Amino acid sequence: MSTQPRIGIRYAARSDVGMLREGNEDSAVAGARLLAVADGMGGHVGGEIASAEAIETLRKLDTDVPADQLLVALEHSVRAANEALRHRVEGDPSLQGMGTTLTAMLWSGSQVALVHIGDSRAYLLRNGELFQITHDHTLVQSLVDEGRISLDDAATHPQRSLLLRALDGRSEVEPDLSLREAQVGDRYLLCSDGLSGVVSAETIHQVLTAQPDPEQAIRQLIDLANRGGGPDNITCVVADVINLDETPPAEGRQVLAGAAASKAQEAAAAGAPGPLQADSPALRARDHIRDTLPQPPLQLGNSDYVPPPAPAPYPGDQGPYQQEFADYGEPQQFQGAPPVAPPPGHGTGPQQLPPRPGGGGRSRGTKGPLLLGAVGVVGLLVIGAGYFGYKSFNSGFYLAQDGKEVALYEGTTRTIPLLGSPAGKAKDQPKIAIDDLPKPQQDRVKKKIKSDTKKGIAAEIDKLRKSVCVFTIQNRENNAVIVKGAGQEGCTEIPVSKAADDKPLPGVDTRALPNEDRDKLGAMPFSTLETATRELERLKSVADNCQDNPGVNGCPKPPKS
């Protein structure tokens, strides 16, 4: 008589700032029953706070949660995190616009609840096949879903990271929720888009297949992302599903990474209690893999498509988590991540949670007698009209000035009576400085550039990017000079004499440069003053070398006397 194996996980978590960012806005937690990754947004400080706040709220679930309460507990914790962000912004208006993605897995026995909002991802490696089991909430993914662009177009789309859903404290959170089972031998990867946006799925597949050690797999993935330019913070959690009867579990320990680890260290330094272990070199060296109870089995059909989540049993009415989170109301019906490309004739995609036993669909909040008179009917009509008006107004996009930057907003520029303005900042901003635009384009942004469609606003952003006044290095009277806007329509030429750090720029005698470098002057655009400065410093070094070694390696020969 065969018995089901006791299932556990070996896990590792790590976060890296990347090559270009000044700080780490990602956060992660890995524990005996909880794995989560969050990618913050809203500026260096705001992004750190948002992702760390989400992880701090969620990590309390890393305990024994009954299997029939997983989805309830996870959904209510996500709502609590969203509410916590709202309170932070109310207390500090300078944090307005911050938010975070969130992808998390909560385990109980063989059951795994998965929650996802944003563009961080969860992958499943099973029987040698890699599946993406979350669906990106991005503008580009929606265009792919609608058949407007191809997957190839999406890979290079200028707005491929534009986020449509996130935890931001401004609106009601709408995550994807699903219930899954895990099998011994499964490997799960949770990551921020600092990995998935740089390293291809094929390469991720190769690393996860070739590296048996979760910690080493993470290190290799992060290294590959940094080799690819490391444009963003990179955060990974890898968990292997194991048979605990064959591999005894080690002591379960929660591990924090990224901004959440920094916040935990700050709290510890201030004397606050901190049960979590930060992602530190000493800790990773001591126990870089942890075997923990408990964990899950998933039904896999054709290996050519992403397996849908198993139907989730409806949580009971009297579970402890329904009591604890009663103030947030009952959970909604959600669908899990749909298959990316199911084969023809295959079954339906992810299934919804079944209806409540003995009744109709789910309701929110408390229930009570419904008293409808003439006033009640009119009231409902007004509320309904306001709701649908709000939804229709909230469906557009516009660009506007926000300080020194061009900001992208979702929603309307109008203010709706009683509801205010439904517009909110999108996650990934265009990152275009107002001063870098020609005067006509600056005026357009200040008056607000509007579009009813995602594709339309993406085209407007592309126009602005192409019109940006760039830096070039010009040959002016035998001197290499950085000039902004030289020869560009609508741009005013501005010679630059100081670097971004306010230090004087080096002087370069162009007569000492090799022909190859001299001929390129004025032809190579630079998007930032920093990159133009680095090139000018390189030219300075070349010119100095040529003056010391005339006629060598293409350097001009000294004039004949």
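A word on the ground rules. The model is predicted, so local features need pLDDT of at least 70 and side-chain atom pairs count only at pLDDT 80 or more, while totals for chains, interfaces and linings use all residues. Residues are numbered from 1 along each chain as its sequence is written, and side-chain values use heavy atoms, with hydrogens and water left out.

I will start with the cysteines. How many disulfides does a search of the whole structure find? The search finds two, where a disulfide is a pair of cysteine sulfur atoms within 2.5 Å.

One of them is formed by C469 and C491, with sulfur atoms 2.0 Å apart. The two cysteines are 22 residues apart and link distant parts of the chain. C469 sits in the loop between α13 (454–467) and β19 (471–476), and C491 sits in the loop between β20 (479–484) and β21 (494–496). Those names come from DSSP runs, numbered from the N terminus: helices are H or I with at least four residues, strands are E with at least two. The link of C469 and C491 is left-handed, with -90° about the S-S bond. C469 has a relative accessible area of 6% and is buried; C491, at 13%, is buried as well. Buried means under 20% relative accessible area, exposed means over 50%, and partly exposed is in between, using a 1.4 Å probe and protein chains only.

The other disulfide joins C546 to C555, S to S 2.0 Å. Its torsion about the S-S bond is about -65°, so this disulfide is left-handed. C546 is buried at 4%, and C555 is buried at 8%. With the bonded cysteines numbered in sequence order, the pairing is 1-2, 3-4.

Now C191 and C236. C236 is in no disulfide. C191 is buried, with a relative accessible area of 0%, and C236 is buried at 0% too.

Next, the region around β19. Strands β19, β20 and β21 make an open sheet of three strands in the order β19-β20-β21, with antiparallel pairing. Two strands pair if DSSP finds at least two bridges between them. β19 and β21 stand at the edges with a single partner strand each, so one side of each has no neighbour in the sheet. On average, neighbouring strands here are turned by 45° against each other, direction ignored. β19 and β20 are joined by six bridges, and I473 stands opposite I482 in β20.

Helix α15 (residues 529–548) lies across β19, β20 and β21 and runs at about 35° to β19. Axes are lines fitted to C-alpha atoms, for helices over the stretch in contact, and angles run from 0 to 180 degrees between N-to-C directions. α15 has 20 residues and reaches 29 Å from its first C-alpha to its last, close to the 28 Å expected at 1.5 Å a residue. The expected span is 1.5 Å times one less than the number of residues. Which residues of α15 are buried? They are L529, A532, T533, E535, L536, L539, V542, A543 and C546. What covers them includes β19, β20, β21 and α14 (515–520), with contact meaning heavy atoms within 4.5 Å.

The other helix is α7 (residues 214–227). Its 14 residues should span 20 Å, and its end C-alpha atoms are 20 Å apart, which agrees. Among the buried residues of α7 are P214, I218, L221 and I222. At the helix start, a side-chain oxygen of D213 comes to within 2.8 Å of the backbone nitrogen of E215. After α7 comes G229, with a positive phi near 115°.

Last, strand β7 (residues 121–126). Six of its six residues are buried, so β7 is largely enclosed by the rest of the structure. R121, Y123 and L125 point one way, and A122, L124 and R126 the other. β7 pairs in the antiparallel sense with β10 (residues 187–191) over five bridges, and A122 stands opposite L190 there. β7 also pairs in the antiparallel sense with β8 (residues 129–132), over four bridges, with Q132 the bridge partner of Y123. The hairpin of β7 and β8 has two residues between the strands, and N127 in that hairpin takes a positive phi near 50°.

Notes:
Polar contact = N/O pair within 3.5 Å; in protein donor to acceptor, adjacent residues only side chain to side chain.
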